[in-house]
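Here is a friendly walk through the structure, point by point. Please keep the 3D view open and find each place as you read.

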Amino acid sequence: MTRLLVVDDEPQLIRALRITLTARGYQVRTAVDGRHALADAASHPPEVVILDLGLPDMDGVDVIRGLRGWTSAPIIVLSGRTSSADKVEALDAGADDYVTKPFGVDELLARLRALTRRTAGDSDPPTVEIGDFSIDVTARRVVRARVTNRSVTPGDDDDDDDMTVGADVRLTPTEWHILEIMVRHPGKLITQRHLLTEVWGPAYTDEVGYLRQYLARLRRKLEPDPARPRHLLTEPGMGYRLVP
C-alpha cells in the first residue's frame, strides 16, 4: 500500500482526497500547513507527497526544499497558481509534477500512477517502450521493436522509416543524453533548465532553442507522427515529459 502525504489547508479538499485515494488503495496522511507537513514526513516517511503551495505558515516551495534535503519521494504540486514562473520555481526546487486547481481527479490519479511506477523502477535502469521503439538504458540502445505506417515530415531526409525490426536507431551523443534523462523519469515533467544544465552545462540555461531543435530531431526518429507527438511531449514554458 503506497503511503501518501497530502498537504493542503482546504478542509473540504483534504476530505475529498482522503476518501478518493483511500478507496483506491492508498494509505493517506494529511497536514494543513508546512510545519506539520515536514514534521509528519520526518516521523512517517511518505512514498509520495501531494502538496499545495499556498499554505498558511510558509510557501510550499520552502516545504519542497525542506523535503528534498533528505528524501527523494516524488512530490506532486496541487496549486491554484497558474503562471509559468510559479510552476518552474516549484519544479526547480524539486517537485516532480505540477497540477493546477481546479483539477480532474482522473488526471491526478494518472499522474500519481506514473510517478509510483517510476519510483518502483528506480533501482534498475529501465527498458522503456515508446511507440515502435524499445529504449534500453543499460545497453544505450534504441531498437525498432515493430514496424507500422509512420508519417514523414515534409523535407525530412531521415531514412529511419526504412528500418527493419531489431535495427538500431542512430542517435547522436546529445540526442541520447536528452532521451536518457527523460527515459529515467517516465511521466515526470522535466524542466528546460534541468535539461539544459545536465546536457550543456549551467552556462546554457537560457538556450531553450537548443532543446527545441533536438526534441524535433528525436521526434522525427521516434514518433509515429512527429507533428503530433504522443510520447515526447512539450509542456509550454516549463519543459518536457516522456509518456511511454
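**Notes on the fold**

1. Let's begin with two helices: helix H7 (residues 192–199) and H8 pack at an angle of about 85°, with their axes 10 Å apart. H7 and H8 are therefore roughly perpendicular to each other, a label used for angles of 65 to 115 degrees, while under 35 counts as roughly parallel, over 145 as roughly antiparallel and the rest as oblique. The axes are lines fitted to C-alpha atoms, for helices over the stretch in contact, and the angles run from 0 to 180 degrees between N-to-C directions. Helices (H or I, at least four residues) and strands (E, at least two) are DSSP runs, numbered from the N terminus.

2. Before going on, a word on the source: this is a predicted model, in which local features need pLDDT of at least 70 and side-chain atom pairs count only at pLDDT 80 or more, whereas totals for chains, interfaces and linings use all residues. Residues are numbered from 1 along each chain as its sequence is written, and side-chain values use heavy atoms, with hydrogens and water left out.

3. Which residues of H7 and H8 meet? On the H7 side they are Gln192, Leu195 and Leu196, and on the H8 side Val208, Tyr210 and Leu211; contact means heavy atoms within 4.5 Å. By class, this contact of H7 with H8 has 5 nonpolar residues, 1 polar and no charged. Here Ala, Val, Leu, Ile, Met, Phe, Trp, Tyr, Cys and Pro count as nonpolar, Asp, Glu, Lys and Arg as charged, and the others, Gly among them, as polar.

4. H8 has another partner. The axes of helix H6 (residues 173–183) and helix H8 (residues 208–222) come within 10 Å and cross at roughly 85°. That makes H6 roughly perpendicular to H8. From H6, Thr174, Glu175, Ile178, Leu179 and Met182 take part, and they meet Leu211, Tyr214, Leu215, Arg217, Leu218, Lys221 and Leu222 in H8. The contact of H6 with H8 has 8 nonpolar, 1 polar and 3 charged residues.

5. Now look at H8 by itself. Its 15 residues reach 21 Å from the first C-alpha to the last, close to the 21 Å expected at 1.5 Å a residue; the expected span is 1.5 Å times one less than the number of residues. Leu211, Tyr214, Leu215, Leu218, Arg219, Lys221 and Leu222 are buried in H8, where buried means under 20% relative accessible area, exposed over 50% and partly exposed in between (1.4 Å probe, protein chains only). These residues cover an arc of only 160° around the axis, which puts them on the same side of H8. The arc is that of the directions from the helix axis to the C-beta atoms.

6. Helix H4 (residues 84–93) is worth a look too: Lys87, Ala90, Leu91 and Ala93 are buried there. Seen down the axis of H4, its buried residues fall within an arc of 160°, so they line one face of the helix. Their cover includes helix H3 (60–68), strand E4 (75–79), strand E5 (97–100) and strand E9 (189–191). Just after H4, glycine 94 takes a positive phi of about 135°.

7. Is isoleucine 130 buried or exposed? Isoleucine 130, which lies in strand E6 (residues 127–130), is buried, with a relative accessible area of 0%. Not counting residues up to four places away in sequence, isoleucine 130 touches Ile135, Leu222, His231, Leu242, Val243 and Pro244. Histidine 231 is 101 residues away along the chain, yet the two C-alpha atoms are separated by 6.5 Å.

8. Finally, two backbone details. Most residues other than glycine have a negative phi, and most peptide bonds are trans. Arginine 140, in the loop between strand E7 (133–136) and strand E8 (141–144), is not a glycine but has a positive phi of about 55°. The peptide bond from lysine 101 to proline 102 is cis, with omega near -10°, and proline 102 is found in the loop between E5 and helix H5 (105–120).
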